[in-house]
Amino acid sequence: MRHYKSFVALGDSFTEGLNDPGPHGHYRGWADRVAERLAADDPSFRYANLAVRGKLLDQVIAEQVPVAVGMAPDLVSFCAGGNDLLRPGCDPDVMAKKLAHAVRDLRAGGADVLLFTGVDPRDTPLMRRLRGRFAIFYLHLRSIADLYGCRLVDQWSMQGLRDWRAWSADRLHMNEDGHRLVAARVLDVLGVPFDDWRKDWPERSVDPRARRREDAQWIREHLVPWMSRRLRGVSSGDGLSPKRPELTPWG
């Protein structure tokens, strides 16, 4: 196990921590949870989180990767592309080539790099029809991880994340429980003792009428606004800055 003295997290809303409420009006999320655990072993541990919700892969590569390279951390997490895969006409093969170049730059500085597959979208109505596109991109990610010696966090195999109780009301972002499970999986991949990432949810029955009401509410409150932003070319992250732009001590 490598002893990490610094960690920089790159990406979009997943890494920013939506929808896991944290202090001072910011979101917490899996990356903050991982940083907190790593800092427990080293009071001088430093952490930066450059992720901003709504960012596309090209934006993460252009705006965040060079900053991370300049910080020269021991550990970098790089998770991006989910927002691209939801857009018409995206090409997962082209995306993978861009991501590979960015990973090469990050690894050239000596950092360990964490890559992530996403969760299997077959249970999500909005994304189910794009499942093949997601699978192609995540297979590329596996190959890139092997090629450049990265650590891979495989969320596709995490059955605990397939339960809606791990997700917030918008069905696109994890809640506190989901982020806690991901943090546990990341730490397991890093070889750091922590909670078990495997989760067996208690059985529950759902009234079909209640589910239809929930679906209608989700369409009205989340899907329609999301589609409206896409049509207007507006991102939820427009005008926002990273919550931890500097590599500073945890705490």
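1. Basis. Residues are numbered from 1 along each chain as its sequence is written, and side-chain values use heavy atoms, with hydrogens and water left out. Because the model is predicted, local features need pLDDT of at least 70 and side-chain atom pairs count only at pLDDT 80 or more, while totals for chains, interfaces and linings use all residues. Helices (H or I, at least four residues) and strands (E, at least two) are DSSP runs, numbered from the N terminus.

2. The sheet. An open sheet is built from 6 strands in the order β5-β4-β3-β1-β2-β6, with mixed pairing. Its edge strands, each pairing on one side only, are β5 (151-154) and β6 (244-249). From one strand to the next the twist averages 15°. Two strands pair if DSSP finds at least two bridges between them. In general, strands of a sheet pair through backbone hydrogen bonds, either parallel or antiparallel.

3. Strand β3. On one side, β3 (residues 75-79) runs parallel to β4 (residues 112-117), joined by 4 bridges. Leu75 has Asp112 as its bridge partner in β4, and Val76 has Val113. The pairing of β3 with β1 is also parallel, over 5 bridges, and there Val76 is the bridge partner of Val8.

4. Burial of β3. Is this strand buried or exposed? Here 5 of the 5 residues of β3 are buried, so the strand is largely enclosed by the rest of the structure. Buried means under 20% relative accessible area, exposed over 50%, and partly exposed in between (1.4 Å probe, protein chains only). Leu75, Ser77 and Cys79 point one way, Val76 and Phe78 the other. In a regular strand the side chains alternate between the two faces of the sheet.

5. Helices on the sheet. Helix α6 (residues 92-108) lies across β1 (6-11), β3 and β4, at about 170° to β3. Helix α7 (residues 131-148) lies across β4 and β5, at about 160° to β4. Axes are lines fitted to C-alpha atoms, for helices over the stretch in contact (heavy atoms within 4.5 Å). Angles run from 0 to 180 degrees between N-to-C directions.

6. Helices α2 and α8. The axes of α2 (residues 29-39) and α8 (residues 176-190) come within 8 Å and cross at roughly 50°. That makes α2 oblique to α8; angles under 35 degrees count as roughly parallel, over 145 as roughly antiparallel, 65 to 115 as roughly perpendicular and the rest as oblique. Among the residues that meet are Trp30, Val34 and Leu38 in α2 and Val182, Ala183 and Val186 in α8.

7. Met127. Where is Met127 found? Met127 sits in the loop between β4 and α7. Its relative accessibility is 13%, so Met127 counts as buried. Leaving aside neighbours within four places in sequence, Met127 is in contact with Leu86, Pro121, Phe134 and Leu172. Met127 and Leu86 are 41 residues apart in sequence but 7.3 Å apart in space, C-alpha to C-alpha.

8. Backbone points to check. The peptide bond from Leu18 to Asn19 is cis, with omega near -10°; Asn19 is in the loop between α1 (13-16) and α2. His24 lies in that loop too, with phi near 60°, a positive value in a residue other than glycine. At 76% relative accessibility, His24 counts as exposed. Ala72, in the loop between α4 (65-71) and β3, has a positive phi near 50°. Ala72 counts as exposed at 52% relative accessibility.
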